[in-house]
Amino acid sequence: MPATPASPTRRTAAVAVLVPLIAALALWAFAWPAARVAPRDLPIGVAGPPAATAQLQERLAQRGEGAFDVHRYEDEAAARAAVEDRVVYGAVVAGPRGPRLLTASAASPVVAQLLQQALPTAPVTDVVAAPAGDPRGGALIASILPLALAGVAAGALVTALDLHGARAVAALLGAAVLVGLVGAAIAGSWLGAITGDWWTGAGVLALAALAIGAAVAGLAALIGRAGIGLGALVVVLLGNPFSGVATAPELLPEPAGTLGQWLPPGAAGSLLRSVAFFDGAAAGGPLLVLTVWAALGLTAVLVGGRRAAAARTAPDHRLPAAPAPAG
């Protein structure tokens with residue numbers, strides 16, 4: 001039997017309740033991490049003789065218990081290599097004239113500034129500097145939300161246009177490739193916010209758009225058009241504020257910092273920084289996350305397409321209509 005449509009009173013009540021709930025969720029997701037930014041097991045290196053590094057650790061510990069995850073290195077060269085490999089965000093090097101600070105503003109301008117505030121008198125060397133076209137990382141940060149919206153739009157359009165199976169997969173792949181090319185042209189060629197190999201950057205943007213678009217379209221193929229809303233909720237309302245792109249995952253409260261790296265926006269931001277500024281260092285984890293999201297989403301699209309095709313070709317087992325009376 002067809003479902004009985006809800007009465008106008010119930011629909012009105014649903015709108016009156018759902019809109020404040022969505023607003024509350026959005027405020028919580030965006031405002032809570034921003035209001036609780038602080039170092040939490042932030043990987044930092046110290047280099048030099050044991051006695052000197054012990055003093056540096058005590059100085060860093062004054063910032064609060066559990067604020068820093070301190071890695072020890074024998075000398076400045078080892079600490080510098082750790083920064084370039086994205087093992088640590090920066091390092092403090094003990095020397096006869098006092099401590100020196102190594103930072104990587106390309107990894108996080110906020111963390112670089114935080115370290116300078118912790119050691120205000122130490123000379124600073126920016127080992128991996130942010131690009132001259134985007135010294136504060138604003139353009140790279142601002143590119144994540146449009147990327148997420150483009151992926152959601154691709155998944156929603158595939159569903160709205162009633163594309164299924166291989167056609168839906170082809171549409172998602174084509175849209176992702178174009179998003180990657182356009183994004184690299186704007187953020188890389190025009191704004192100078194993404195350096196490194198141009199095609200690699202475009203590939204990262206395309207993979208991120210595919211992961212998001214496939215997830216949204218896959219959910220819609222499995223559970224109906226409500227999957228579009230669910231996908232947008234996960235990607236935009238949770239994935240974007242929990243991504244840590246504006247600060248660093250280790251500066252967000254738990255579980256936001258960890259969860260954000262398992263969602264496409266956070267993985268996209270981390271992977272983009274790795275390939276753009278660090279020659280691919282620490283790219284394996286976020287690359288795997290985006291690949292899994294894309295693979296699962298495309299699989300769901302194909303499964304949903306087969307179900308839709310089977311439903312269209314299934315014989316109609318309803319009883320035939322009774323013949324009209326004679327005369």
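Mentor: Before we look around, one definition: a nonpolar patch is made of residues with over 30% relative accessible area and no salt bridge, their side chains joined within 5 Å. Keep in mind, too, that this is a predicted model.

Trainee: Okay, which residues form a nonpolar patch on the surface here?

Mentor: Leu222, Ile223, Leu230, Leu233 and Val303, with about 370 Å² of accessible area together. Helix 7 and helix 8 each supply at least two residues of that patch, and Leu233 is one that lies in helix 8.

Trainee: Helix 7 also packs with helix 10. What makes the two roughly parallel or roughly antiparallel?

Mentor: Check the angle. Helix 7 (residues 198–223) and helix 10 (residues 264–277) pack at about 170°, with axes 10 Å apart. Anything over 145 degrees counts as roughly antiparallel, so helix 7 and helix 10 are roughly antiparallel to each other.

Trainee: Which residues make that contact?

Mentor: From helix 7, Thr200, Gly201, Val204, Leu205, Ala208 and Ile212; from helix 10, Pro264, Ala268, Leu271, Leu272 and Val275.

Trainee: How do those residues divide by class?

Mentor: Nine are nonpolar, two polar and none charged. Watch Gly201 in that contact, because Gly goes with the polar class.

Trainee: Now, why is the meeting of Arg80 and Glu76 called a salt bridge?

Mentor: The cut-off is a side-chain nitrogen of Lys or Arg within 4 Å of a carboxyl oxygen of Asp or Glu. For Arg80 and Glu76 the N to O value is 3.2 Å, so the pair qualifies. The whole structure has two salt bridges.

Trainee: How far apart along helix 3 are Arg80 and Glu76?

Mentor: About one helical turn, because they sit four residues apart in helix 3 (residues 76–84).

Trainee: What makes Asp41 and Asp279 stand out in the backbone?

Mentor: Most residues other than glycine have a negative phi. Asp41 is not a glycine, yet its phi is positive, about 55°; Asp279 has a positive phi of about 55° as well. Asp41 is in the loop between helix 1 and strand 1, while Asp279 is in the loop between helix 10 and helix 11.

Trainee: And is the peptide bond from Glu254 to Pro255 cis or trans?

Mentor: That bond is cis, with omega near 5°, whereas most peptide bonds are trans. Pro255 lies in the loop between helix 8 and helix 9.

Key: Residues numbered from 1 in each chain as written. Predicted model: local features only at pLDDT ≥ 70, side-chain atom pairs only at ≥ 80, totals over all residues. Heavy atoms only, no water. Axes fitted to C-alpha atoms, helices over the stretch in contact; angles between N-to-C directions. Parallel < 35°, antiparallel > 145°, perpendicular 65-115°, else oblique. Contact = heavy atoms within 4.5 Å. Patch = residues over 30% accessible without salt bridge, like charges linked within 9 Å, V, L, I, M, F, W, Y side chains within 5 Å. Areas by Shrake-Rupley, 256 points an atom, 1.4 Å probe, with all protein chains shown as cover.
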